[in-house]
Amino acid sequence: MRYEVPETVDAAVALLAAANGSARILAGGTDLLVQLRAGLVEPDVVVDIKKISQTRQVTAQDGGFRVGAAVTGAELDEHPDLKKNWPGVVEAAELIGSTQVQGRATMGGNLCNASPAADSVPALIAAAATCQIAGPDGERTVPVESICTGPGKTILGTGEFVVSLILPARPPHSGDAYLRFIPRTEMDIAVVGVGVSLTLDGAGQCIAARVGLGAVAATALLVTEAADALVGTAVDEGAVEKMQQAVRAACRPIDDKRGTIAYRTQVSGVLAGRACRIALERAGEH
Amino acid sequence: MAAVEKIIENRIDDKTTDSKALKWVGTRAPRPDGVDKVTGRAKFGADTHLPNMLIGKVLRSPHAHARILSIDPSAALALPGVKAVVTRDDFPDQPAGAVQPAGEMIINYRDMTRNIMAREKALYEGHAVAAVAAVSDRVAGQALTLIKVDYEVLPHVIDVDEAMGADAPLIQEDLITEGMDPAPEKPSNIAKRVEFGHGDIETGFSQAQVVIEREFKTRPVHQGYIEPHACLASFSEDGQADLWCSTQGHYVARGHCATLLGMDVSKLRVTSSEIGGGFGGKTVVYLEPVALALSRKACQPVKMVMTRDEVFRASGPACGTSMQVRIGATREGKITAGDATLKFQAGAFAGSPVPAAAMCAFAPYDLEHVRSVGYDVLVNRPKVAAYRAPGAPLGEYAVESVIDELAKALELDPIEFRLLNAVREGVDSSYGPKFGPIGCIQTLEAARDHDHYQTPLGSGQGRGVATGYWFNIGGQTSATLNLSEDGSVALVVGTPDIGGSRASLAMMTAETLGIELDKVRPLVGDTSALGYNMLTGGSRVTFAGGIAVVGAAEDLIRQLCERAALTWDLPLDDVEWIEGEARPANGRAGSEAPMSMAEIAKDMAKSGGPIVGRHSTNAQGAGPSFGTHVVDVDVDRETGRVSVTRYTVVQDAGKAIHPGYVEGQYQGGAVQGIGWALNEEYIYDEKGKIENAGFLDYRVPVCSDVPMIDTVIVEVPNPEHPYGVRGVGETPIVPPLAAISNAVENALGIRFTELPMSPPRVLAAIEQAG
Ligand SMILES: Cc1cc2nc3c(=O)[nH]c(=O)nc-3n(C[C@H](O)[C@H](O)[C@H](O)COP(=O)(O)OP(=O)(O)OC[C@H]3O[C@@H](n4cnc5c(N)ncnc54)[C@H](O)[C@@H]3O)c2cc1C
């Protein structure tokens, strides 16, 4: 196994393309190193992207943010503007692991590891975040919800990797929130995760909404029906209830050691309601 | 905040409540192993290395139950770098009936040799089938894949009630239930029936106005120690061997290994490492005899370390159970009868702690008519190992749940109801012996009067209490005090230090000798350093070890006085030992300047040579310990998640030698109980394989899951110990299961009769209750 530390996007792409499918990208390594030690993956080349400056920066872009794919959870937390605009996204990333894990774990890794239970992904989906992907054929931009195709599987082709995540500009009266359910209080894996993002007009009517749902299907879901239940309403209890129904209807969970179908479905609605109320409160504050 | 106040309160108590002024006993001295532990210098099981060391790995059964038709290691042996393979053929079979008590469990060597290496059948997923030693971890791992095992997969059973059924697959084809009269003719999975009690149950129930009967079911749990099993074995060509391992008892491990390998016990020297938790799970051997057998074959040292996955699949657990309890009481709150039937999973070999569970179940209560029946049942799971107060938390979970329901039915405060029926000195225990001085009532009263119990609950919260009991044990123990030429002493003990025992044993030594604590260096010696020592278990070390070190200190004092008498040319009777120095006594008082330990030590060559204090004993008179726990919970009605918001442990310590470590035991037991009550369980698939063999999906509580556990140390001295010590390490895990279940009932009005009360189970129950 070779370890490579390219300093440019092009160099990384060249290394990945040359390895012909037997390369792995190393960001924080909090998934990859665990998988290496367990013998689940045996790559010929490990390409560490942390020396590529674009992957390590948070910059303002078009009124929103460009977040390097290898920015750690702890760094996101220390970025006041990002936290002010996208509190739900930051709190989702902050839920990952413990203080120690936060010093390494990245949103790029969380997304590309393609676990259906990844915490930051439903929040990124709710935020309408997109990925800037570099590859042998140049760059492309893809919405977060289109990256994963199943557990451990992504659309990334040979030689491709995510350079940055783009968070759009925030209109006034917007708010987002992410909640997950775990049996413990930390160091656990989401049984259900829900991200909600809302934008209100001056009169308190919801003019835009997105709902992302994690751990209840093979990939994190964008639930448009849930968002539709909120748009055009004052996000009153009736609308929230309809949204919760739509969330439950979208669930296609499996029965496994981490939760039953019935439990996951029921709790997804509960968390969606709670996340929605937090997002609404935040929208009211801005 | 409350917890901090309590600690301060205890500190004041430490100084003021003692009649005899004690200098060290009862203080919070720093632990002698503390610096090494926080700096990473301490050596745990996996930290010993030797030149030419090989790595050993175990091939484990992928089946829950299968006959082993053949094992072919030839391809593995042909792999370059592989130095030895061992299988069942490398361990002599043991005679039937080779049984020996060890700690709180019974050891049967015929079973043990089958548990460390499967013989006729693999009896659980993870059962060791073969092992290799190779030059590296990678080669050893590769070699495992080359060992060919031919299995005939058999039907399996992992549920205790199913295992007791008439058509259950038989785990041991020739097992006839012990303890039945007449003995059954047909074999079954029921290894043993036990019964305890007195009076006549039906007479008792006929006197009751309220009778409550419930059935309970609990899942097996793992002890959850952080440090996986690890050892290093080195056999030499002449048949002598050394073993370094993480164990609760290196003498016991030595005996097991020598028996399993067919060697003289004294040819094997065992050194115990620092131990990263055991809780009973490191009282047995798994890797140790295998590493020795590999080393004997390879003539090189062999290191073996379990992965976490192996720890879950092949070590521990504590049993799962199925239990029925019926208790009757008069309208005034006097219990007239108690009856319990406890069915415990033993795992693949007989020997669950169901006898202890049956004995403890009703122990807190003074009952005229009481009976508890236990069944020890084989299932296709790893053989259960001891886990803090083995069995007691389970039986008391069932009994204390019904007691709580009775209190509610009788509209009595649950602590007052318990006080009406609690045992006191002189009462016949539910399982036989008459109680000596005990602190059952005192802990109940202290819990009742505690600020926690007096504080109103927040809305939606619930409060539960439960009382628990554990016997504690004594047993064989040796200690030596080697006087150095400067007057300092090396204290050598033979019990691995799990809970701070080096500190407390050194404190009792310094107290008895009348010297500064830092003049005593406590060490855990290897098996060649001392006479026999039973393992660290049964909450025995501060009790039995205390007797041994005080005995050794008295032996040392006697010799020091002899040397002074010789120097002064006085009869021994005219020399006394006061405040760490020899002084002329009686009519000769003041006739000579006192001689300190340092002065006597400096001249010991002249006065007769080296001075060594020794004591070996089979300590008797362990003091049982009662505890009462109070817990508050909050339940999220929409997700079923139970949060513990406040927790107080009240327990009788007899005498807290080191209050800080006593509190640590109380808190640790409560935390393990919280995990057991709320989230810990093994999840099996339909083939009998464990699906959650890791800490991600086997959920022990993390720090943020538990509140600061408040503690109250009650001290009802044990007259059989020089400083009044009872054991304290096990009782703290006995009450939590029931206390938390009772708190959940108090919050929701729903009685749970199954553990764990995990969020899906709690939510389902809430939805069902509508
Ligand atoms: C103790 C512990 C607790 C955890 N708790 C949580 C939790 O609460 N919630 C949660 O969601 N996760 C949790 N995780 C999982 C993990 O920490 C997260 O998924 C984390 O975000 C992964 O980020 P990373 O930078 O460490 O990824 P890495 O391990 O570096 O990479 C993960 C995967 O993504 C690929 N990859 C990484 N970056 C890119 C990129 N830019 N482009 C393309 N592919 C890429 C890698 O090749 C690898 O396959 C936990 C892990 C541990 C060890």
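This report describes the ligand site in chain A and selected strands, sheets and backbone features of chain B in a predicted model.

## Ligand shell in chain A

The shell around the ligand holds 31 residues, and those that come nearest are I25(A), T30(A), D31(A), T106(A) and D119(A). By class, 16 members of the shell are nonpolar, nine are polar and six are charged.

Two domains of chain A, domain 1 (2-167) and domain 2 (174-285), contribute residues to this shell, and the ligand therefore lies between them. At the level of secondary structure, α7(A) supplies the largest share of the shell, with four residues.

## Polar contacts and burial of the ligand

A polar backbone atom of L32(A) is 2.6 Å from a ligand oxygen. On the side-chain side, T106(A) places a polar atom 2.6 Å from an oxygen atom of the ligand, and R180(A) has a polar side-chain atom at 2.8 Å from a ligand oxygen.

The ligand taken alone exposes 970 Å², of which the protein buries 88%. The elements that each give two or more residues to the shell are β2 (23-26), α7 (107-112) and β10 (161-167) of chain A.

## Strand β16 of chain B and its partners

Strand β16 of chain B spans residues 335-347 and is mostly covered, with 12 of its 13 residues buried. Strand β15 (residues 321-329) of chain B runs antiparallel to β16(B), and nine bridges join the two. Strand β17 (residues 370-378) of chain B is also joined to β16(B) by nine bridges, but this pair runs parallel.

A340(B) illustrates both pairings. In one direction, A340(B) of β16(B) stands opposite V325(B); in β17(B), the bridge partner of A340(B) is S372(B). The hairpin of β15(B) and β16(B) has five residues between its strands, and G333(B) adopts a positive phi near 105 degrees there.

## An open three-stranded sheet in chain B

A further sheet in chain B is open and consists of three strands in the order β6-β2-β8, with antiparallel pairing. Its edge strands, β6 (121-122) and β8 (148-153) of chain B, each pair on one side only.

Six bridges connect β2 (residues 66-72) of chain B with β8(B) in the antiparallel sense. Within this pairing, D72(B) has K148(B) in β8(B) as its bridge partner.

## Cis peptide bonds in chain B

The bond between D181(B) and P182(B) is a cis peptide, with omega at about 0 degrees. P182(B) belongs to the loop between α6 (160-163) and β9 (190-198) of chain B.

A cis peptide bond also links G316(B) to P317(B), with omega at about -15 degrees. In this case P317(B) occupies the loop between α10 (308-314) and β15 of chain B.

## Positive phi outside glycine

E579(B) is not a glycine, yet its phi is positive at about 45 degrees. The residue is located in the loop between β22 (575-578) and β23 (581-584) of chain B. E579(B) counts as exposed because its relative accessibility is 66%, the threshold for that class being over 50%.

N586(B), likewise a residue other than glycine, has a positive phi near 55 degrees. Its loop lies between β23 and β24 (595-596) of chain B. With a relative accessibility of 55%, N586(B) also counts as exposed.

How values were computed:
Residues are numbered from 1 along each chain as its sequence is written. Chains are lettered from A and ligands numbered from 1 in the order in which they are written. This is a predicted model: local features need pLDDT of at least 70, side-chain atom pairs count only at pLDDT 80 or more; totals for chains, interfaces and linings use all residues. Side-chain values use heavy atoms; hydrogens and water are left out. A residue is near a molecule or strand if one of its heavy atoms lies within 4 Å of it. A polar contact is a pair of N or O atoms within 3.5 Å; within protein, one must be able to donate a hydrogen and the other to accept it, and residues adjacent in sequence count only if both atoms are side-chain atoms. Accessible areas come from the Shrake-Rupley method with a 1.4 Å probe; for residues, only the protein chains shown count as cover. Ala, Val, Leu, Ile, Met, Phe, Trp, Tyr, Cys and Pro count as nonpolar, Asp, Glu, Lys and Arg as charged, and the others, Gly among them, as polar. Domain bounds come from an automatic or database domain assignment. Buried means under 20% relative accessible area, exposed over 50%, partly exposed in between (1.4 Å probe, protein chains only). Two strands pair if DSSP finds at least two bridges between them.
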